[in-house]
Amino acid sequence: SGAASATGTIGAASATGTRGAASATGYSGAASATGTSGAASATGTRGAASATGDSGAASATGYSGAAMASGRFGRAMGAEGCVLFLVERDGNWKIVHVWAGIAGQDGIKPLVWYTLENGKPVEVA
């Protein structure tokens with residue numbers, strides 16, 4: 001349940017434990033959460049957030065940011081114009097589907113959480 005934060009230009013924050021949180025708020029920052037139920041947030045311009053553990057969450061809310069959720073039951077969210085990457089895995093962690101899209105395009109709503117089910121992005125309630 002640790003927390004890591006990077007606030008400077010091109011900073012990096014990484015949280016590797018269960019329910020860890022990583023936040024990057026500076027220009028071109030990177031945040032990574034690798035543990036179960038981890039959260040990664042990138043709020044600066046061109047920031048990147050990555051959540052790779054089970055039930056991880058990644059959000060990109062800065063200009064031209066990117067959010068990726070690649071663990072089982074992962075979710076991602078982004079502001080208008082941010083890219084979202086989602087991976088769907090089976091019970092054995094085998095990758096069964098991948099998807100990429102841009103918030104604000106093709107029916108993907110900005111600032112709404114998405115997960116991948118049967119190869120399609122679906123809103124998380």
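Let's start at Ser28, which is partly exposed because its relative accessible area is 23%. On this scale, buried means under 20% relative accessible area, exposed means over 50%, and partly exposed is in between, using a 1.4 Å probe and protein chains only. Before going on, note that this is a predicted model, where local features need pLDDT of at least 70, side-chain atom pairs count only at pLDDT 80 or more, and totals for chains, interfaces and linings use all residues. Residues are numbered from 1 along each chain as its sequence is written, and side-chain values use heavy atoms, with hydrogens and water left out.

Back to Ser28: you'll find this residue in the loop between β3 (21-24) and β4 (30-33). Those strand labels come from DSSP: helices are H or I runs of at least four residues, strands are E runs of at least two, and the numbering goes from the N terminus. The phi of Ser28 is positive, near 60°, even though the residue is not glycine. Most residues other than glycine have a negative phi. Ser55 also has a positive phi, about 55°, and is not a glycine either. Look for Ser55 in the loop between β6 (48-51) and β7 (57-60). Ser55 counts as partly exposed because its relative accessibility is 29%.

Now hop to the loop between β8 (66-69) and β9 (75-78), where Arg72 lies. Is Arg72 buried or exposed? Arg72 has 18% relative accessibility, so this arginine counts as buried. Its side chain makes a polar contact of 3.1 Å with the side chain of Asp54. A polar contact is a pair of N or O atoms within 3.5 Å; within protein, one must be able to donate a hydrogen and the other to accept it, and residues adjacent in sequence count only if both atoms are side-chain atoms. Leaving aside neighbours within four places in sequence, Arg72 is in contact with residues including Ser55, Arg89 and Trp93, where contact means heavy atoms within 4.5 Å.

Ser70 sits in the loop between β8 and β9. Ser70 is buried, because its relative accessible area is 11%. Not counting residues up to four places away in sequence, Ser70 touches Ala51, Thr52, Val87, Arg89 and Trp93.

What about the nonpolar part? A nonpolar core is a set of buried Ala, Val, Leu, Ile, Met, Phe, Trp, Tyr and Cys residues joined through side-chain atoms within 4.5 Å. The largest one has 26 residues, and among those touching the most other members are Ala67, Leu84 and Trp99. Beyond its neighbours within four places in sequence, Ala67 is in contact with residues including Ala49, Ala76 and Phe85.

Val98 is exposed, because its relative accessible area is 59%. The C-alpha atoms of Val98 and Leu86 are 5.8 Å apart, although the two residues are 12 apart along the chain. With neighbours within four places left aside, Val98 is in contact with Leu86, Val87 and Leu116.

Finally, follow the chain to strands β12 (residues 114-117) and β13 (residues 120-123), which pair in the antiparallel sense over four bridges. Two strands pair if DSSP finds at least two bridges between them. Glu117 stands opposite Lys120 in β13. Two residues lie between the strands of this hairpin, and Asn118 takes a positive phi near 55°.
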